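Please prepare a briefing on the structure shown below.

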Amino acid sequence: MKKNLSLLLIFNITQGYAQTDILANERVLSYNMAGIILSIILIGLVFYLLLRISALKKEKQKSEETFQSLIDTAHNMLTPISLIKAPLEEISIKENLAQEGTNNLKAAIRHVETLLKLTNTFIQIEEKEKISILSYTSNQYEEITELNNEAEKPSGFKLLIIENDKELLTDLKESLSEQYTVLISEYGKEALGIVKEQKPDIVISDMVLSDIGGDELCTTLKNNIETSHIPVVLLIALDDKQGILKGLKTGADEYVIKPFNMDILKATLTNRLANQAILRKQYANVELNSPNECINCSTDIDWRFIDSVKRHVEEHMADSSFNVDVLCTLLNMSRTSFYNKIKALTDQAPADYARLIRLKYAARLLKEQQHSVTEIAEMTGFNDAKYFREVFKKHFKVSPSKYGKGESQEQP
């Protein structure tokens with residue numbers, strides 16, 4: 001009996017060891033299978049990543065080729081569009097067109113300028129940084145360095161920079177302080193107050209600000225009679241497609257694609273201020289009779305202001321007591337605001353501008369030869385005929401009587 005129990009115990013122990021070996025073998029097999037499966041997954045993942053990287057490289061290459069194609073197309077379009085714009089502007093200055101022709105010419109120039117802006121959006125030179133070419137032809141681009149060298153001395157112009165990137169704001173201030181009196185702000189609402197108080201000659205604003213957008217700031221300035229004449233340059237990121245579209249619609253005078261080259265930004269500011277000088281001649285031309293004739297005038301609100309000034313002076317032409325104070329009251333403006341606006345638009349003091357309107361009207365009456373010089377002096381608000389002769393001769397370089405006879409200038 002004891003012998004049988006011993007055999008049974010030995011058998012059970014042996015059986016237990018056998019089962020343990022089986023379990024161990026099964027566990028090893030499971031581990032091996034898991035390792036194989038994991039290896040297969042890793043290999044598959046590596047192949048997938050390689051395929052994905054290859055596909056991304058192809059997509060990137062295709063995108064770069066497409067973008068380069070757009071750049072090449074833009075370069076090819078830029079010069080022809082610029083060559084179209086130049087003769088159109090020359091015609092607008094030299095030719096006397098009928099009303100319909102003037103309207104069509106004005107629309108054509110406006111559309112050409114839009115095409116230039118759209119074209120210039122794609123023009124980027126990629127060296128160490130991307131450079132926006134703006135609205136310059138290839139020949140103009142070569143002259144940018146020379147243009148900036150000529151403008152290194154302080155110009156006397158006041159520039160406001162609005163940028164919430166402190167590093168960029170500092171760089172802009174340091175780079176532009178050589179040419180301008182620079183004002184800075186990181187916030188759009190604060191900048192609106194600065195514009196009202198300081199009356200800068202030009203404003204640079206980033207499209208993205210921490211409180212209000214650059215487009216909103218631009219719209220506010222352009223819709224305010226006291227600031228509508230101030231040129232606004234917007235800084236817009238290259239990948240901000242919506243910002244670029246807003247920049248085209250917001251009434252900004254120019255926009256620059258970021259990142260940009262500082263020399264080109266300087267040239268843009270110089271060019272824009274030069275255009276302002278041309279605009280002042282347009283607004284000071286009292287012989288323009290409608291906004292459609294003022295092809296290069298910047299905004300309708302500025303034209304309406306000038307037109308209202310002319311209209312009020314003409315309606316009170318014979319009234320010698322009609323002065324700047326009365327005109328300010330009619331326009332519901334303070335004397336300071338009125339002076340600043342007239343000076344900014346025409347580069348003349350209000351009294352001088354009103355006198356010019358009277359003199360131009362007197363010149364037309366003299367050509368008709370239906371009234372004496374004394375009568376015309378009274379009809380145009382000059383009670384003193386002697387004073388009228390003096391100011392008329394000073395402006396037209398010839399006496400009123402000789403002007404009426406067709407003489408344009410007295411011989412020395």
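**Briefing: sheet, helix contact and loop residues**

Lys397 is partly exposed, with a relative accessible area of 49% (buried means under 20%, exposed over 50% and partly exposed in between, using a 1.4 Å probe and protein chains only). The model is predicted: local features need pLDDT of at least 70, side-chain atom pairs count only at pLDDT 80 or more, and totals for chains, interfaces and linings use all residues. Residues are numbered from 1 along each chain as its sequence is written, and side-chain values use heavy atoms, with hydrogens and water left out.

**Loop residues with positive phi**

- Lys397 sits in the loop between α15 (385–396) and α16 (400–404); helices (H or I, at least four residues) and strands (E, at least two) are DSSP runs numbered from the N terminus.
- The phi angle of Lys397 is near 65°, a positive value in a residue other than glycine.
- Lys199 belongs to the loop between α6 (188–198) and β5 (202–206).
- Phi of Lys199, also a residue other than glycine, is positive and near 50°.
- Because its relative accessibility is 26%, Lys199 counts as partly exposed.

**The five-stranded sheet**

- Five strands form an open sheet in the order β4-β3-β5-β6-β7, with parallel pairing; two strands pair if DSSP finds at least two bridges between them.
- Strands of a sheet pair through backbone hydrogen bonds, either parallel or antiparallel.
- The edges are β4 (181–185) and β7 (254–258), each of which pairs on one side only.
- On average, neighbouring strands of this sheet are turned by 20° against each other, direction ignored.
- Strand β3 (residues 158–162) runs parallel to β4 and is joined to β4 by five bridges, and Ile161 stands opposite Ile184 in β4.
- Together, β3, helix α5 (residues 166–176) and β4 make a right-handed β-α-β unit (with the strands pointing away from the viewer, the path from the first strand over the helix to the second runs clockwise).
- Strand β6 (residues 232–237) pairs with β7 in the parallel sense over five bridges, and Leu235 stands opposite Val256 in β7.

**Contact of α10 with α12**

- The axes of helix α10 (residues 300–315) and helix α12 (residues 335–346) come within 11 Å and cross at roughly 110°; axes are lines fitted to C-alpha atoms over the stretch in contact, and angles run from 0 to 180 degrees between N-to-C directions.
- Helix α10 is therefore roughly perpendicular to α12 (65 to 115 degrees).
- On the α10 side, Asp302, Phe305, Ile306 and Val309 make the contact, and on the α12 side Phe338, Lys341, Ile342, Leu345 and Thr346 do so (heavy atoms within 4.5 Å).
- By class, this contact has six nonpolar, one polar and two charged residues; Ala, Val, Leu, Ile, Met, Phe, Trp, Tyr, Cys and Pro count as nonpolar, Asp, Glu, Lys and Arg as charged, and the others, Gly among them, as polar.

How values were computed. Angles under 35 degrees count as roughly parallel, over 145 as roughly antiparallel, 65 to 115 as roughly perpendicular and the rest as oblique.
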